[in-house]
Amino acid sequence: NSYKTLTGQNKQSVSQTSGEKKINPKREAREAAKEKRDSQPASEKYAKDKAKAKGKAEGADARRKAHDEKDKGAPDRTKKQIDEDYKIKK
């Protein structure tokens, strides 16, 4: 049984001696999904809630200025971009 010889401790020693890094497909899938999520536009509710919080904390003019950060005709902003635009100053 060649499979039994490559399980457990033997499997680790084989991968370490060959100099290759172990590949975890679940981890790769999680990282790919995270990158995909980060590049997708945020929901309208998320943007509206951030704008409302900015307006309460700093006033309507600050909220309008943050809204104007997005160029006309530009694609929808990601959560990261909205967080940067609507960051509340303390």
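# Briefing: an all-helix predicted model

Of the 90 residues in the protein, 13% are buried, where buried means under 20% relative accessible area, exposed over 50% and partly exposed in between (1.4 Å probe, protein chains only). The model is predicted: local features need pLDDT of at least 70, side-chain atom pairs count only at pLDDT 80 or more, and totals for chains, interfaces and linings use all residues. Residues are numbered from 1 along each chain as its sequence is written, and side-chain values use heavy atoms, with hydrogens and water left out.

**Fold and contacts**

- The protein has six helices and zero strands, and its pattern along the sequence reads α-α-α-α-α-α.
- Helices (H or I, at least four residues) and strands (E, at least two) are DSSP runs, numbered from the N terminus.
- Of the contacts between residues at least 6 apart in sequence, 58% join residues at least 24 apart; contact means heavy atoms within 4.5 Å.

**Largest pocket**

- The largest pocket has a volume of about 250 Å³.
- It is lined by 13 residues, and those closest to its centre are Ala47, Lys70, Asp76, Arg77 and Ile82.
- A pocket is found on a 1 Å grid over the protein atoms alone, as an open set of points where a 1.4 Å probe fits, with protein on both sides within 12 Å along at least five of seven lines; lining residues have an atom within 4 Å of a point.
- Grid points are joined across faces, edges and corners, and the volume is the space filled by probe spheres set on the points.
- Helix α4 (residues 44–58) gives the most to the lining of the largest pocket, with three residues.
- The lining holds five nonpolar, two polar and six charged residues; Ala, Val, Leu, Ile, Met, Phe, Trp, Tyr, Cys and Pro count as nonpolar, Asp, Glu, Lys and Arg as charged, and the others, Gly among them, as polar.

**Residues of helix α4**

- Lys54 is in helix α4 and counts as buried because its relative accessibility is 6%.
- Beyond its neighbours within four places in sequence, Lys54 is in contact with Gly59, Ala62, Arg63, Ala66, Asp85, Tyr86, Lys87 and Ile88.
- Glu58, also found in helix α4, has a relative accessible area of 29% and is therefore partly exposed.
- With neighbours within four places set aside, Glu58 contacts Lys87, Ile88 and Lys89.
- The C-alpha atoms of Glu58 and Ile88 are 7.5 Å apart, at a sequence separation of 30 residues.

**Loop residues**

- Ser43 is in the loop between α3 (25–39) and α4, and counts as partly exposed because its relative accessibility is 42%.
- Ser43 and Arg77 are 34 residues apart along the chain, with 9.2 Å between their C-alpha atoms.
- Thr78 lies in the loop between α5 (60–67) and α6 (79–85), and its 12% relative accessibility is why it counts as buried.
- Not counting residues up to four places away in sequence, Thr78 touches Asp38, Ser39, Gln40, Pro41 and Ala42.

- Glu84 lies in helix α6 and counts as exposed because its relative accessibility is 54%.
- Glu84 and Glu69 are 15 residues apart in sequence, and their C-alpha atoms are 9.9 Å apart.
- The charged end of Lys79 sits over the ring of Tyr46, 4.8 Å from its centre; this requires NZ of Lys or CZ of Arg within 6 Å of the ring centre and within 35 degrees of the ring normal.
- Zero aromatic pairs are found in the whole structure; rings of Phe, Tyr and Trp (its six-membered ring) pair if their centres lie within 6.5 Å, with planes under 30 degrees apart counted as stacked, over 60 as edge-to-face and the rest as tilted.
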